[in-house]
Amino acid sequence: MNYKRIIAVLFLIVGVTSFLAFKIVDDDPIISKIAAQLDAWLGSNPQEKIYLQMDKPYYATGDTIWFKAYDVIARKHQLSALSGVLNVDLIDDRDSIKQSIKLPIESGVSWGDFTLSDTIKEGNYRIRAYTNWMRNAGEDYFFDKTINVVSAINNSVYTQTKYTYSTQNNEHKVNASISFADANGKRYASKNVSYEVKIGGKTIGRGKGQTDDIGNINISFSSKQAGAVKNGKIITSLQISDKTTVEKQILLKATSGNVDVQFFPEGGNLVNGNDSKIAFKAIGADGLGTDVKGIVVDGQNKEVANFNSTHLGMGSFSFTPESGKSYKAKLTYADGSENTVDLPKAGNEGFSIAIDDTAKYALTVKILPGATAAAGTAQPGGLILIAQANGVVYYAAKSEPGTKDFTAHILKRKFPSGIVQFTLFSPAGEPLNERLVFIQNADQLKMDLTAKESYAPREKVKVMLNVADRVDKPVMGSFSVSVTNETKMPVDEASENTIISNLLLTSDIKGYIEKPNYYFADVNEKTRADLDVLMLTQGYRRFEWKQLLNNSIPAPVYQVEKSLAISGQLKSMIFNKPLAKGQVRILSNKGGFFMIDTLSDNEGNFTFNDMVFNDSTKFLIQGRSAKDRKNIKINLNTVSPQPVGFNKNAPDQKVNLGDGLSPFLQSSKDYYENLIKYGVVKRPIMLNEVVIKEKKNVVLRSENLNGPGNADAVILADKLGNCGSFLLNCLQGLIPGVTFKNGLPYNIRQNATMAIVVDGNFVDDDVFTEIDPTTVESVEAIVSLHFAAIYGSRAANGALIITTKRGRSNADLLRYAPGVVIYTPKGYYKAREFYSPQYDNPKTNTQIPDIRNTIYWKPNIITDKDGKASFEYFNADTKGTYRVVVEGIDADGNLGRQVYRYKVQ
């Protein structure tokens, strides 16, 4: 690549937008090196991002979570062609994966769903999504969203909890005031309660008590651990009647009311003699921002500045530190308590970088030297200022020789919307200062939704979608839409995670960002100022400059996953050496018989690429050496699943899950009960007591097409006994009408060899002779025609249905014979289709009350060349304000989100 040309273009920008303090050159080795290193890094480490739009902000047990995934390359946020496989996990508050699915990514998009059974526990859950390639950047950059799941079905007890904190004898005292009520708000007065307090799985307190006359109980306990806690909970058991006790688990987020206040000098350095902006952030022990105010005093207790938080515990102030002085901040918290902390120390050396982005169209950048630099000779060769976004350099400047400071005005339109990292380098290319700026250009898609303002229940709604770019040119793009009844499901828009807030903000920053959509829902002067303070208090760490410039960034460990693949290596059994040109065969009978084969390379490696199979598909893999020897080993390449790390969005977890959700809870309960009433959902029925006179053999995990245990003879593992290393020795004499000749099962009545089926797959005869009996769960013998018929001509002479013990250890890989393995890799989940009743269809049952919470969901809306698309659906019975949310992206990476509301009355 011609870096001189890149730099020439960059300096042309500098010349147009900057003061004459810059030396405009077309060949600077340091800037060329930085640009080249960034380009090389992007070439080998393209940044991939995942965003999931969901159908609603919170859920109830029995619901389905519907989502669409957008996979983009960060450089321009264009839909990605890099990865072809998406991993999506549903994780509970104990960091345990409850459901995990793989989805195919086609043209950068995918969609799927999670079903929340009516038996799932209410609580705080997470949805995590990532590709295998994204694992190189780390879990901080995965899509990760905390969702609240409330229980509306058969839930007779609701709690409200308020925590207060104190400190006694160096221990942290916690008081939890818990109120208990039923679904109608009636309090459980004078009821017995037992409780247990757990932190990280360890019990730190337990006791008993009784609710007062308004259903409240106070629970107190002590902890030596201060601040935030992980996996903390209070488990209460409320006795609501003589025979009924209800357990409720209440989240414990913190054991103290401590507030952590941190100060962040703009650019990273506090320099004596320079007017300096300092941002601050006050975080409570629960991880949420909290109000704080205070004054800054010097060593003589003279006030030099004062400050107040302006948004979520954040704010900023300015003052000029003086050489030889130290400074403290005297803080006053929201509860009136006070504290004093040291400010970062100021130095005489170094530089200050100050960026003012309050102007609508341009940034003002000022670089000021410290006292030592100002008094000495100017930097030979000049300072270098680089601004990059997503690894692309959009601005590069160098100060004139002899210049000690400089100022630049830079048009915001030169940058894409999102985080821009300004870095000041020494003449030798050493990074000195860093400042993040968020650019909010008017470059989002213009999305126009057209529909009526008012409808009747069950009336058909047709919405016209028109999409154009910032210059009103129609665009083709991929979009998804969700419609909910906002009256039943109120939404805190500031707390939403949107395609814009995620792809432009949260996906690029480590750590928690509270209420991310606040900065985008209604952009104004205050939100822009608050967003700038957020940039001063958050860190951007996609890479480290020193690692980048020294070529020491670690090479990627995880490879791009274009499709599902099965790969491995053939090795000799005795000497463990790779076997070249060996034959490998893979077969399965899931969805019809399937078989392909390949040869291993010179290192014994083999791969089956571009495979498409559903989850729980079992494969039988057979290997032979080039000389057709079967006494070999097959080592499969299995990718370990991503472990679950700490939830960076843990502050989003709610203590009072049902707080403010009474309409949603009641609606969810009514909806589910109606499904049961009209037979749409079948609930378990408790049978009358029966006496079992004869116990049938239980055949675990059998794939017998006649049904587990439906065979002429069933031999379980405990009947095989200690009979050596060959299964045929164990079976000899156990199966009526079957003997063994030349190591194979022989149907005496048919006078022919029987078929062998292992874990649902027909296998070659020689595989049977090598099966280790210790790996067998059961053997079902089919001799009679009425059992064999379902298997067709291949089992005309009968069959042995062998089920292995693969499920006992939840393993997906079983070696039960040399040269043969059974492998059950993670396959694709088959996404379901959202059901939307069609009331103009006479076959639709109109007698069932329609009280859905998600009125409509469609993940695959594509606009045409004119930027147009439409979708239609029927309203539910529920009246109120319906909220239509459309999100998506066009081919050039422009993002769009539009919210439309109408009345149903």
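1. Lys 446 comes out partly exposed, with a relative accessible area of 38%; here buried means under 20%, exposed over 50% and partly exposed anything in between, using a 1.4 Å probe and protein chains only. Asp 472 counts as exposed at 53%. Their side chains meet in a salt bridge, 2.8 Å from N to O. Lys 446 sits in strand β31 (residues 446-450) and Asp 472 in the loop between β33 (460-468) and β34 (477-485), so the pair ties together parts 26 residues apart in sequence. A salt bridge here is a side-chain nitrogen of Lys or Arg within 4 Å of a carboxyl oxygen of Asp or Glu.

2. Before going on, the ground rules: this is a predicted model, so local features need pLDDT of at least 70 and side-chain atom pairs count only at pLDDT 80 or more, while totals for chains, interfaces and linings use all residues. Numbering starts from 1 along each chain as its sequence is written, and side-chain values use heavy atoms, with hydrogens and water left out.

3. Another pair to look at is Lys 515 with Asp 492, a salt bridge at 2.9 Å from N to O. Lys 515 is in the loop between α4 (499-504) and α5 (518-521), and Asp 492 in the loop between β34 and α4, 23 residues apart. Lys 515 is partly exposed at 27%, and Asp 492 is partly exposed at 42%. Helices (H or I, at least four residues) and strands (E, at least two) are DSSP runs, numbered from the N terminus.

4. The whole structure holds 38 salt bridges. There is also a salt-bridge network linking Asp 89, Asp 95, Arg 126, Arg 128, Glu 139, Asp 144 and Lys 230.

5. Axes are lines fitted to C-alpha atoms, for helices over the stretch in contact, with angles from 0 to 180 degrees between N-to-C directions; contact means heavy atoms within 4.5 Å. Lys 277 and Asp 532 form a salt bridge, with the closest N and O atoms 4.0 Å apart. Lys 277 is in strand β18 and Asp 532 in helix α6, so the pair ties together parts 255 residues apart in sequence. Asp 532 is buried at 8%, whereas Lys 277 is partly exposed at 25%.

6. Over at β10 (residues 158-168) and β11 (residues 171-181), 11 bridges join the antiparallel strands. Tyr 163 has Ala 176 of β11 as its bridge partner. The hairpin has 2 residues between the strands, and Asn 169 takes a positive phi near 50° there. β11 also pairs antiparallel with strand β14 (residues 216-223), over 8 bridges, where Lys 173 stands opposite Ser 222.

7. Last stop, Ser 778 in strand β47 (residues 776-782). Ser 778 is buried, at 0% relative accessibility. Leaving out residues up to four places away in sequence, Ser 778 touches Val 699, Ile 715, Leu 716, Ile 801, Ile 802 and Thr 803.

Note on methods
Two strands pair if DSSP finds at least two bridges between them.
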